Amino acid sequence: MSILSWLAEQRIQEAMRSGEFDKLPGHGKPLELEDLSGVPEELRMSFKIMKNAGLLPEEITLRKECVTLEKMLAVCHSSGTAADSDRRELKSRLTLKRLRLQELMRQRGFENSSAFSGYGDKIQAQLTREE
């Protein structure tokens, strides 16, 4: 152990003994750790940075929009009150979003990635569950 590590450890121990950590927010509560095991390793850092900045990757946004359009279509079919032109327009928008998503995945080389495919399934399940 280097002298700096030893010194840091001593200061931490001293602060613990004096109770400086006792009144911190979240004291006594479990840590909320992010599970990034489903994210391919080469994407983890960029996804983390984007998440911290409040941004979503385009493929996530497209998946979310597809889920919303699918739900709108389901409501149109079940209610029977929507005009055929509304249904056709929703189907057209959904098709365009799906095509853009497929093209984006192909451009980024994710179409044959089993890791990203599994991650994509988890994203889809999360989006479907939340809304």
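## Arg 93 and its partner

Arg 93 is partly exposed, with a relative accessible area of 38%. Here, buried means under 20% relative accessible area, exposed over 50%, and partly exposed in between, using a 1.4 Å probe and protein chains only. The side chain of Arg 93 meets that of Glu 89 in a salt bridge, at 3.7 Å from N to O. That term covers a side-chain nitrogen of Lys or Arg within 4 Å of a carboxyl oxygen of Asp or Glu. Glu 89 is also partly exposed, at 41% relative accessibility.

Both residues sit in helix α4, 4 residues apart, or about one turn of the helix. An α-helix has 3.6 residues a turn, so residues three or four places apart point the same way.

## What you're looking at

This is a predicted model, where local features need pLDDT of at least 70, side-chain atom pairs count only at pLDDT 80 or more, and totals for chains, interfaces and linings use all residues. Residues are numbered from 1 along each chain as its sequence is written, and side-chain values use heavy atoms, leaving out hydrogens and water.

pLDDT is the predictor's confidence in each residue, from 0 to 100. The chain averages 81, and 86% of the residues score at least 70. Confidence is highest in α1, at a mean of 92, and lowest in helix α5 (residues 114-130), at 69. Where pLDDT is low, the predicted coordinates should not be read in detail.

## The helices

There are 5 helices and 0 strands in the chain. These are DSSP runs numbered from the N terminus: helices are H or I with at least four residues, strands are E with at least two.

Helix α1 has 16 residues and spans 23 Å from first C-alpha to last, close to the expected 22 Å. That expected span is 1.5 Å times one less than the number of residues. Next comes Gly 19, with a positive phi near 85°. Helix α2 (residues 41-52) reaches 17 Å, close to the 16 Å expected, and just after it Gly 54 takes a positive phi of about 80°. As for α4, its 24 residues reach 34 Å, close to the 34 Å expected; Gly 109 follows, with a positive phi near 75°.

## Inside and outside

Of the chain's 131 residues, 23% count as buried. The largest nonpolar core has 8 residues: Val 39, Leu 43, Phe 47, Leu 62, Leu 101, Leu 104, Met 105 and Phe 110. Another core, of 6 residues, lies apart from it and includes Cys 66, Leu 73, Leu 90 and Leu 94. A nonpolar core is a set of buried Ala, Val, Leu, Ile, Met, Phe, Trp, Tyr and Cys residues joined through side-chain atoms within 4.5 Å.

Out on the surface, Leu 4 is exposed, with a relative accessible area of 66%. This residue belongs to helix α1 (residues 3-18).

The structure holds 5 salt bridges. One of them pairs Glu 58 with Arg 100, the closest N and O atoms being 3.2 Å apart. It links distant parts of the chain: Glu 58 in helix α3 (residues 58-79) and Arg 100 in helix α4, 42 residues apart.

Glu 70 and Arg 98 also form a salt bridge, at 2.5 Å from N to O. Again distant parts of the chain are linked, with Glu 70 in α3 and Arg 98 in α4, 28 residues apart. Glu 70 is partly exposed at 31%, and so is Arg 98, at 40%.
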